[in-house]
Amino acid sequence: MQGDPLTHGLWEMSAPPAPETPPLRGQIAVDVAVVGAGFTGLSAALHVAEAGRSVAVLEAADIGFGASGRNVGLVNAGLWVMPDQLSQRLGATHGARLLQALGEAPSVVFDLVARHRIACEAVRHGTLHCAVGARGLAGLRERAAQWHRLGAPVRLLDAAETAARTGTSAYAGALLDLRAGTIQPLAYVRGLAWAAARAGASLHGDSPVVGVEDLGSRWRLKVRGGGEVDAGWVIVATNACTSPDGPWPALATELVRMPYFNLATAPLPDRLAATILPHREGAWDTRAILSSFRRDEAGRLVFGSIGALRGPGHAIHRGWGRRALAKLFPQLRDVGFEHEWYGWIGTTPDALPRFHQLARNVVSFSGYNGRGIAPGTVFGRELARLVLGEGDVEGLSLPDAALVAFGLKPLREAFYEAGAQVAHAVGARW
């Protein structure tokens with residue numbers, strides 16, 4: 001995308017094309033302006049447009065250019081945070097709302113895929129959170145117990161069943177979540193864009209918002225190149241791609257960006273593909289510097305971890321990937337990688353997303369901590385319902401949070417990148 005194969009890799013090569021998104025020229029007036037064309041922004045735009053209201057989407061680059069088009073493609077329920085902790089951190093009311101919203105979020109994604117016939121390699125056979133050692137298994141056992149108390153269809157697998165489902169004996173067990181699944185993420189976000197356009201949304205790429213003016217009852221958004229949008233409501237869906245030089249710089253300060261990369265093999269022969277994730281679940285492990293793996297529709301294995309494919313990290317992470325893949329799956333020892341790409345995850349100090357009222361009729365969700373697909377889709381729908389007058393701020397899944405800068409942000413981001421390089425330079429050598 002934009003001439004760089006390291007931004008979207010396999011996903012750019014295999015996704016259907018996006019709709020045309022000409023830069024905004026001149027002045028338009030709409031009910032709702034959406035800034036950012038990822039999962040959250042396009043879900044919001046789709047639901048607003050389907051309600052018969054006018055909406056314009058302003059994207060600084062291309063559809064899905066940020067994290068939405070680069071990630072692994074796991075459609076998960078819940079968050080990294082244990083279910084019981086949500087009520088402790090958010091209070092009983094918002095904790096229960098968030099649990100319900102995110103527990104149902106994969107269904108919202110797969111229902112949209114079916115309703116709009118989005119070709120995104122959707123597979124809903126669950127995900128596998130794989131335990132590394134006794135400590136990892138104990139954590140999954142507690143997570144399973146908490147989800148069971150809430151009636152969720154999760155199951156703790158022993159080592160033998162985990163090996164049968166993953167194709168490796170490296171794990172002590174796994175938590176199977178049948179609510180979840182996988183998609184091709186760039187294809188999904190482009191499919192949302194097509195659906196929003198068919199519903200009447202106006203989509204504009206290469207249209208970064210460089211200024212905002214409060215007109216009293218409406219807002220005027222000024223776009224680089226001279227375009228302007230007048231809108232009654234503004235939805236800011238820029239997440240980790242928020243510009244520190246744009247109209248809402250405080251959103252950038254509260255997120256620490258963590259790099260994540262993916263490496264993809266060539267399509268595996270049937271005899272090999274049948275030995276690895278035969279049901280095509282998505283999987284990741286319990287390590288602090290985790291690994292993830294899944295298969296795509298063509299039989300490629302997509303293998304990823306924390307790190308940026310730039311500078312010395314490029315060779316380090318690629319080398320680790322080959323070693324780690326061969327250690328997990330010896331049958332792939334001679335299989336190389338044909339695609340590689342990386343992006344950035346917006347993380348918060350407590351691993352919880354944030355809702356903000358940035359100004360009158362200016363609202364935002366951000367901070368998905370690597371769980372962007374299902375939460376972004378659901379939160380986009382919540383924002384649409386809010387601006388449509390179908391609810392109020394007090395009824396959202398998250399409370400209105402103060403904008404608080406993440407302390408030592410530059411140092412933390414450098415630590416994530418350098419720490420992953422150090423871990424992968426020595427990792428999987430024994």
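Trainee: Before we look at this predicted model, what is a cavity here?
Mentor: A cavity is a set of grid points where a 1.4 Å probe fits but cannot get out.

Trainee: How many cavities of 30 Å³ or more does a search of the whole structure find?
Mentor: The search finds two.

Trainee: Which elements give two or more residues to the lining of the largest cavity?
Mentor: They are β4 (127-131), α5 (133-149) and β6 (173-177). The largest share, three residues, comes from β4. Among the lining residues are Thr127, Leu128, His129, Arg143, Trp147, Leu175 and Asp177.

Trainee: And what is that lining like by class?
Mentor: The lining of the largest cavity has six nonpolar, three polar and three charged residues.

Trainee: How many charged residues does the lining of the second largest cavity have?
Mentor: That lining has no charged residues; nine are nonpolar and one is polar. Its residues include Gly78, Met82, Leu98 and Trp147. Helices α3 (83-90) and α4 (92-115) each give two or more residues, with the largest share, three residues, from α4.

Trainee: Changing topic, at what angle do the axes of α1 and α7 cross?
Mentor: The axes of α1 (residues 5-14) and α7 (residues 185-198) cross at roughly 70° and come within 8 Å. The two helices are therefore roughly perpendicular to each other.

Trainee: Which residues make the contact?
Mentor: His8, Trp11 and Glu12 of α1 meet Pro185, Leu186 and Arg190 of α7. These contact residues divide into three nonpolar, one polar and two charged.

Technical notes
Residues are numbered from 1 along each chain as its sequence is written. This is a predicted model: local features need pLDDT of at least 70, side-chain atom pairs count only at pLDDT 80 or more; totals for chains, interfaces and linings use all residues. Side-chain values use heavy atoms; hydrogens and water are left out. Axes are lines fitted to C-alpha atoms, for helices over the stretch in contact, and angles run from 0 to 180 degrees between N-to-C directions. Helices (H or I, at least four residues) and strands (E, at least two) are DSSP runs, numbered from the N terminus. Angles under 35 degrees count as roughly parallel, over 145 as roughly antiparallel, 65 to 115 as roughly perpendicular and the rest as oblique. Contact means heavy atoms within 4.5 Å. Ala, Val, Leu, Ile, Met, Phe, Trp, Tyr, Cys and Pro count as nonpolar, Asp, Glu, Lys and Arg as charged, and the others, Gly among them, as polar. On a 1 Å grid over the protein atoms alone, a cavity is a set of points where a 1.4 Å probe fits but cannot get out, and a pocket is an open set with protein on both sides within 12 Å along at least five of seven lines; lining residues have an atom within 4 Å of a point. Grid points are joined across faces, edges and corners, and a volume is the space filled by probe spheres set on the points.
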